[in-house]
Amino acid sequence: MANLAASNHVARVLSAANHLAGVDTESRIATSWRRCLVNHKLDPARRGPPQTLTEAEVRHVAEPMEELIRVALPELEDLALVLRDAGYCVNLADPNATMLVSRLPEGDYARMFLEWKIYTGSNFAETFEGTNGLGTALAEQRPILVHGDEHFREQWSMFTCAVSPLFDHTGQLAGAVNISSCRSDLGRGAHELALAVTTQATRRIEHAFFRRHYRASWIATLPASESGGLIAYDDDRRVVGACRNARSALGLTDAMISDGIDLSHLIQLDDSATRAPEGSVALRRADGTPWGSGRVAPPLRARSRSVPAPARDQPAGQFNGLHRLAGRDPVLVRGVKRLMTVGNLDLPILLHGETGAGKDVFARAIHAASNRAGRNYVALNCAAMPESLIDAELFGYEAGAFTGARREGSKGLIVQASGGTLFLDEIGDMPLALQTRLLRVLENREVWPLGALKPVPVDIRLISATHRDLARMAEAGSFRSDLYYRLRGMEIRLPALRERADKTDVIALIADEEAPNCRIAPGAWAQLVAYPFPGNMRQLRHVLRLAGCTAEGGVITEADLDLPAVGARTAQDQASTERTVIVDALRAHGGRVRDAARTLKLSRATLYRRIKLLKIDLDG
Ligand SMILES: Nc1ncnc2c1ncn2[C@@H]1O[C@H](COP(=O)(O)OP(=O)(O)OP(=O)(O)O)[C@@H](O)[C@H]1O
């Protein structure tokens with residue numbers, strides 16, 4: 001049955017190539033099929049995984065794209081969050097169709113992408129893989145949806161990919177955003193919305209990148225009818241840059257830009273656009289005819305927000321990184337003090353905290369502060385992989401131990417970490433069978449790679465982390481209690497961002513890192529302080545990074561904060577957290593609203609409004 005489908009598919013591809021009836025031979029798909037057969041000499045029946053780069057090669061390829069990746073990440077994370085439950089994976093690729101960033105969906109869907117190597121490092125160039133979303137969108141430099149058997153190779157026909165190419169601030173092809181689903185059974189129509197969502201997210205990344213690059217220039221946004229193209233110009237109104245859409249709307253060339261063409265030869269802006277920037281302005285074409293409304297943003301010229309000084313009682317030295325992470329939060333400061341007392345004992349550490357609370361960065365800081373610093377630090381997320389893969393990744397295997405194993409075998413992460421630190425993230429998700437094997441490694445200080453005839457001695461410091469209640473899991477039998485006690489030589493709880501007593505310091509510090517040239521308007525500041533941040537530091541970083549890119553005139557306003565609504569219970573938590581923060585500040589200042597407002601970095605009026613809303617009794 002499967003063979004019949006495959007040969008039917010191959011016959012269709014060949015018909016299209018030979019312009020036979022029964023196939024829309026003029027469609028983009030058929031044109032691409034012909035390219036694959038005639039130009040690239042590919043075989044639609046060939047099966048096999050895509051070419052995949054090693055981790056070091058990926059790092060090398062990603063290096064020149066670092067800034068673009070940094071700007072794109074918040075959008076990619078948001079896309080992944082929105083599409084995760086629908087089973088889509090999200091990727092950012094370079095112009096040669098190598099995936100550089102991948103966000104997998106939940107559960108079984110993730111397994112499909114892992115099995116088919118649709119992940120970081122894989123290459124889907126049309127010249128190798130034939131017609132596919134990523135390769136074809138890049139070859140044609142146009143967004144495309146490639147659904148099921150529209151793929152050139154029959155083996156990809158269970159996937160549907162929506163892809164939008166990404167252009168840099170000079171209008172050059174810089175990569176592509178890809179989303180793939182293994183639900184081709186849903187029909188093409190079901191995926192069309194995904195293409196629109198991907199295209200919009202890609203435009204936002206391009207705009208954020210453009211604004212970042214030209215942050216020292218004026219930036220005019222063309223009307224929505226021109227897809228909101230962007231033009232950057234200097235104080236003398238000479239054009240210094242334009243995005244791809246603006247270039248095509250205005251017929252702008254590189255030569256015109258490097259000659260510093262006068263803006264008035266392209267569009268007319270009245271003087272009010274310069275006097276009162278940031279609002280919408282009426283635009284006219286160069287010949288004076290009205291051209292709808294656009295926007296003008298002035299250059300970002302100065303940093304204007306101060307960063308709180310670190311707590312004065314923090315000692316210098318090897319624990320500096322840990323102290324910086326702990327800030328002025330008493331729970332964390334206490335945790336770091338306890339860590340210092342055990343110093344370099346190779347005690348296993350268990351970190352407990354919600355997602356994004358900083359378990360990974362804390363684990364790295366512990367390693368950096370230990371006498372193992374400078375040796376290997378190896379991390380594995382136990383929730384991101386199916387059991388069979390964790391087994392092979394962690395414990396290693398001998399050459400030819402199982403079908404699909406690497407020819408030369410694999411040392412495994414435990415052996416790689418020997419002499420240094422092994423960080424096991426989401427340890428609560430480790431399957432029971434593997435818990436038993438891990439326990440044996442910790443007890444015997446040796447590991448048996450699959451298929452090995454003798455064990456390999458190892459010397460690791462283990463740091464593990466979880467957001468789950470391991471004690472309860474141990475009681476319920478879903479986590480081995482003997483392993484639990486072995487892991488928690490010392491347990492450190494990382495408070496959620498909303499619980500941190502120094503929440504405002506953390507916001508200010510992260511704002512300074514993520515949006516260094518921006519000031520936060522009071523309304524936006526109040527929102528940030530009040531928001532419960534279920535995604536903790538990670539979410540705060542993303543929100544501020546994005547806000548820093550979209551903020552016009554160097555001021556982050558409420559409109560720049562993309563803070564998703566939180567559920568009713570969380571809203572209640574938020575109110576109670578906010579209440580506690582305000583009451584604490586008032587207490588610390590003997591009830592003086594003015595001083596409490598200064599500490600909370602709120603205006604007095606805002607603080608009075610919050611006090612009234614939260615029914616805080618000032619006299620009490
Ligand atoms: N104390 C901190 N100060 C500033 N940034 C922080 C701090 N802690 C964490 N972050 C940032 O928050 C993001 C998430 O951190 P991290 O990956 O360590 O969280 P996590 O708890 O391991 O998350 P998960 O459980 O989802 O893996 C990172 O970008 C990190 O740099």
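User: In strand β9 (residues 230-233), which residues point one way and which the other way?

Analyst: This is a predicted model, and in it L230 and A232 point one way from strand β9, while I231 and Y233 point the other way, and all of them are buried. Here a residue counts as buried if 20 or more other C-beta atoms lie within 10 Å of its own.

User: Which strands pair with β9, and in what sense?

Analyst: To read a pairing, look for the bridges that join two strands and for the sense in which the strands run. Strand β8 (residues 218-221) is joined to β9 by 4 bridges, and the two run antiparallel; in this pairing, W218 has Y233 as its bridge partner. Strand β10 (residues 239-242) also pairs with β9 in the antiparallel sense, over 3 bridges, and there Y233 stands opposite V239. The hairpin of β9 and β10 has 5 residues between the strands, and R237 takes a positive phi near 60° in this hairpin.

User: What is the strand order in the open sheet of 5 strands?

Analyst: The order is β15-β16-β19-β14-β20, with parallel pairing. Because β15 (377-381) and β20 (490-493) stand at the edges with a single partner strand each, one side of each is left without a neighbour in the sheet. From one strand to the next, the twist averages 15°. As an example of a pair, β14 (residues 349-352) and β20 run parallel and are joined by 4 bridges, with M490 in β20 as the bridge partner of I349.

User: How should I read a helix, and which residues of α21 are buried?

Analyst: An α-helix has 3.6 residues a turn, so residues three or four places apart point the same way. In helix α21 (residues 522-530), the buried residues are A524, W525, A526, L528 and V529. Among the elements that cover these buried residues are α20, β21 (519-520), β22 (555-556), α24 (593-600) and α25 (604-613).

User: Which residues are closest to the ligand, and why does the ligand lie between two domains?

Analyst: The ligand is surrounded by 16 residues, of which the closest are T355, G358, K359, D360 and M537. The elements giving two or more residues to this shell are α14 (359-369), α20 (503-514) and α22 (536-550). By type, the shell divides into 6 nonpolar, 5 polar and 5 charged residues. Domain 3 (330-494) and domain 4 (498-613) both contribute residues to the shell, and therefore the ligand lies between them.

User: How many helices and strands does the protein have?

Analyst: The protein has 25 helices and 22 strands, and 40% of its 620 residues count as buried.

Notes:
Residues are numbered from 1 along each chain as its sequence is written. This is a predicted model: local features need pLDDT of at least 70, side-chain atom pairs count only at pLDDT 80 or more; totals for chains, interfaces and linings use all residues. A residue is near a molecule or strand if its C-beta atom, placed from the backbone, lies within 6 Å of it. Ala, Val, Leu, Ile, Met, Phe, Trp, Tyr, Cys and Pro count as nonpolar, Asp, Glu, Lys and Arg as charged, and the others, Gly among them, as polar. Domain bounds come from an automatic or database domain assignment. A residue is buried if 20 or more other C-beta atoms lie within 10 Å of its own, exposed if 12 or fewer, and partly exposed in between; C-beta atoms are placed from the backbone. Two residues are in contact if their C-beta atoms, placed from the backbone, lie within 7 Å. Two strands pair if DSSP finds at least two bridges between them. Axes are lines fitted to C-alpha atoms, for helices over the stretch in contact, and angles run from 0 to 180 degrees between N-to-C directions.
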